[in-house]
Amino acid sequence: MLHGSSRRLLSIPFPSNSRSISITHYRLHNDVFDFFNDLLQQCSKAHISQQIHSQIIVTGSYRSAFLAARVVAVYAGFGLLSDAWRVFESSAIESFSNLLLWNSILRANVAHGYCEEALEIYSRMRKLGVSPDGFTFPLVIRASALMGRGNLCRSVHGHAVEMGFPSHLHVGNELMGMYGKIGRMHDARKVFDRMAVRTCVSWNTMVSGYALNYDCEGASEMFRMMGSAGLEPNLVTWTSLLSSHARCGHRIETMELFGVMRRRGTGATGEALAVVLSVCVDLDACDAGRVIHGYVVKGGFEKYLFVKNSLICLYGKHGNVNAAQILFLEMETKSIVSWNALISSYAESGLCDEAFAIFSQLEKSDEYPMVRPNVVSWSAVIGGFASKGQGEEALELFRRMLLDEVTANSVTITSVLSVCAELSALHLGREIHGHVVRSLMDGDILVGNGLINMYTKCGSFKEGNSVFEKTKNRDLISWNTMIAGYGMHGLGENALRTFDQMIKDGFEPDGVTYVATLSACSHAGLVAEGRELFDKMITEFRVEPQMEHYACMVDILGRAGLLQEASQFIKSMPMEPNDCVWGALLNSCRMHKNAEITEETASQIFNLNSETAGSYILLSNIYAASGRWEDSAKVRITAKTKGLKKTPGQSWIEVKKVVYTFTAGNTMHAELEEVYRILKVLGLQMEVETYIPDIDEEELRPILLGHRY
C-alpha cells in the first residue's frame, strides 16, 4: 500500500528503446491507477504486460477492480487467457461486485471462442447479484449465437427484455445478428421493426443476416428500405448485398450489382472483390476476372491474403496454372487455403503429378512448419487422380490419408467411391459404405449419390436401390444416377419407370436425364419409347436437344436396323453432326452389314476435323471384316497421318479384395495363359449352348482365342 508521505521509485524496462520509465508514486491513488492504465493501454508486448502486472501487485493496486479488468483485457489481447483467468480469480472480493471486471472476463472468453465458459461466467455473475448492462448483453448474446442453440438464444433474448434492454441499440444489433446466425430471420426482423433508433450497423446486420441465410430478396428489400430511410449504403452494405446474390447462385445479378456499385463511386472492399472473383470462377468469365484483378492492383488489395487466394482460384479454374503459380510465389505469407488453391488448380487441370508434387512440398515444408495438408489438400489430389482415371493412385493416397489420421469429408468419399465404380471394386465400395455409416455421413446427398453410382455401376442394383430409397433429400443427380445405372446394364424398362416416378415427384428432367434415359432405351431396343421421350423433351419439358441427344436417337434407330431413318434423322439435325453422331450410325452399319450407308458415313467422317480415332478404327474394322484389307489399311494410315490415337480399352475385375486390370494389346499380364485357357472353355460352352452374341462370328473367334486381347 502507498502511504501518504512515501515516495518510491518504480522502474519498468522497455527493450525497444533501451531505457526505463521511472515514476514517483503519487499520494493520490487515482494518479497511480491512471498511470498503470496508461501503461497497459500503450503495452505492445506480452512480457511487458507481465512486468506491469507485477508492479501493480507490488504497489498493492491489484485490489482495484478497474485495473484488474484492464489487466484481464490486456492478457486476453495477447492470447494469454490462462493468465487472464488467474487475474480474475485472484481479484479482491470486493472487486466481484464491479460489473467492469465481469464484462472484461466475459469479453476475453467470447473473443477466444469459449462460449460455454462465457455463459457459465454470466450465470455465476447473476447468482452473485450483479446486474448486466448494455455491454454485458451483447457479449452473452454473441456467445449464444456462436453455440447455435435456438432455445438458449430465445432465453437470453427474454432475459434482456426482462432486464429493460428491449430498445437498447447495441443489444438490438446483437440480437439481430444472433437470430441471423441461427437461421431465424423472421425473429431478427421483429427485433429490427421494434427498434426506436437504428444506425447503419443495424441495417447492415439485417442485410448480412439475409445473405447468410441465402435470401437475396430479403437482402435487396432491406437495401432499398435503407435508401428510403435516408441512409446511404456503405461498403459493408454493398459487400453483404453482393454476397447474398452470390450465395443464392445469382451470378449475373452479382456482376451487375458490382457494376452499379462501381458507377456510384462507392469503391470496393477486399471482401467484395473476393466475392466477385468467386463469381467469375463459377461463370467461367476469365476476362471479367482479369478486370477485377486490375481493381485489386489499383485498390492496393494485393496484400490481402483472401483476395490473393481468390485470384489463384480464378486462374487455376480456367487452366492458367502458370498465372496461379506466379501469384502463389509472390505471396509473403501463405495459408493452407493458398496451398490448397494451387494444388486444386493443378489437379483440376489434369496435372495430377504436379499437384502431388506441390502437396508433397507442403508436407515437408520447413518454411511453414505449422501449415500441413488438411482434408481439402488430400481431397484435391485424390479427386485429381480419380478424375484422370488413375484409380490405384487415388486409392493409395486415400489409404495414406487414413493412416495420417485425417478425417475424410464428403468430397473425399465421393472421389473414392467414383474410383470403386470405375474399377468395379464392389467389395471395397462396401467397405467405404461402412465407413460412411460409422462416420454418420450417410445423410449427405453428395455421398448418397456417390454410393448409388458405385453400386449401380458395379451391377448391384439391390444395394443401389436401397441407398436411393433411403436418401431423404434426393436431388436431380440422384434420379439421373439411378436411371443411368439401369441403362448401362440394359434394364431399359426399369430406367423408364424411374424416369416416370421422377416426374411424378415433381422433378424437372435436364439434359443429363435425357442422355441417360435415351441411352437406356438404346441398349434395351425400346425404339417407340425413345421416340416419345425425344419428342416430349422438346414439346413438354422445353429442353433443347444437344449433340449427345441426337447421337442417342441415331443409336436407338440404328441398333433397331432403321438405318435409312437414322440417316435421314442426321440430315434433319439443326447443327452439324460430329463424330459421335456419325460413329453411332457407323456402328449400326457394322451390326447390320449395310455397305451403302457405311460408304456414305465414311465420307462424312473423313471430312470431320475429329480429334479422336474411334470412328476411324471402327471403319477400318468394318472394311477388314468384309475382306477389304487395302481400304482398311488406308483408313488406319489416314488416322495415323492426322495424329489420332485410340486409347487402349481397359477392364477391371475384383477377386478376393484385389483389383486386376486388363488392357487391350497388353501381352505381359501375369495371369495371361490362365485367362486364355478360360476363354477357350467359355467359347466351347457358348457353341454347345448355341449362344448368339451381338458380334460377328469372324470377330468373335479371334477374341476368344486371345488374338485380339
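Arg677 and Glu674 stand three residues apart in helix α37 (residues 672-688), a separation of about one helical turn. Their side chains meet in a salt bridge with an N to O distance of 2.8 Å, where a salt bridge is a side-chain nitrogen of Lys or Arg within 4 Å of a carboxyl oxygen of Asp or Glu. An α-helix has 3.6 residues a turn, so residues three or four places apart point the same way. Arg677 is partly exposed at 44% relative accessibility, and Glu674 is partly exposed at 40%. Buried denotes under 20% relative accessible area, exposed over 50%, and partly exposed the range in between (1.4 Å probe, protein chains only). Helices (H or I, at least four residues) and strands (E, at least two) are DSSP runs numbered from the N terminus.

The model is predicted: local features need pLDDT of at least 70 and side-chain atom pairs count only at pLDDT 80 or more, whereas totals for chains, interfaces and linings use all residues. Residues are numbered from 1 along each chain as its sequence is written, and side-chain values use heavy atoms, with hydrogens and water left out.

**Overall composition**

The protein has 38 helices and four strands. Of its 709 residues, 47% count as buried. Among contacts (heavy atoms within 4.5 Å) between residues at least 6 apart in sequence, 58% join residues at least 24 apart.

**Salt bridges**

The whole structure holds 24 salt bridges.

| Pair | Closest N and O atoms | Relative accessibility |
|---|---|---|
| Arg400 and Glu363 | 2.9 Å | Arg400 27%, Glu363 22% |
| Arg531 and Glu565 | 2.8 Å | Arg531 30%, Glu565 33% |

Arg400 forms its salt bridge with Glu363. Arg400 belongs to helix α22 (residues 391-403) and Glu363 to helix α20 (residues 352-364), so this pair ties together parts that are 37 residues apart in sequence. Arg400 is partly exposed, and Glu363 is likewise partly exposed.

A salt bridge also joins Arg531 to Glu565. Because Arg531 lies in helix α30 (residues 527-539) and Glu565 in helix α32 (residues 563-571), the pair ties together parts that are 34 residues apart in sequence. Both partners count as partly exposed, Arg531 and Glu565.

On the α32 side the contact involves Leu563, Ala566, Ser567 and Ile570, which meet Val581, Trp582, Leu585, Ser588, Cys589 and His592 of α33. By class, this contact has seven nonpolar, three polar and no charged residues. Ala, Val, Leu, Ile, Met, Phe, Trp, Tyr, Cys and Pro count as nonpolar, Asp, Glu, Lys and Arg as charged, and the others, Gly among them, as polar.

In helix α18 (residues 321-330), the buried residues are Val321, Ala323, Ala324, Leu327 and Phe328. Seen down the axis of α18, these residues fall within an arc of 160°, so they line one face of the helix; the arc is that of the directions from the helix axis to the C-beta atoms. Asn322 and Leu329, on the other side of α18, are exposed. The buried residues of α18 pack against α16 (286-299), α17 (305-317) and α19 (336-348).

**Loops**

Ser335 lies in the loop between α18 and α19 and is buried at 19% relative accessibility. Leaving aside residues up to four places away in sequence, Ser335 touches Leu305, Asn309 and Val371.

Two further loop residues concern backbone geometry. Most residues other than glycine have a negative phi. Tyr214, although not a glycine, has a positive phi of about 55°. Tyr214 is placed in the loop between α11 (200-212) and α12 (216-228) and is exposed at 51% relative accessibility. Leu440 has a positive phi near 60°; this residue is found in the loop between α24 (426-438) and α25 (445-457) and is exposed, with a relative accessible area of 73%.
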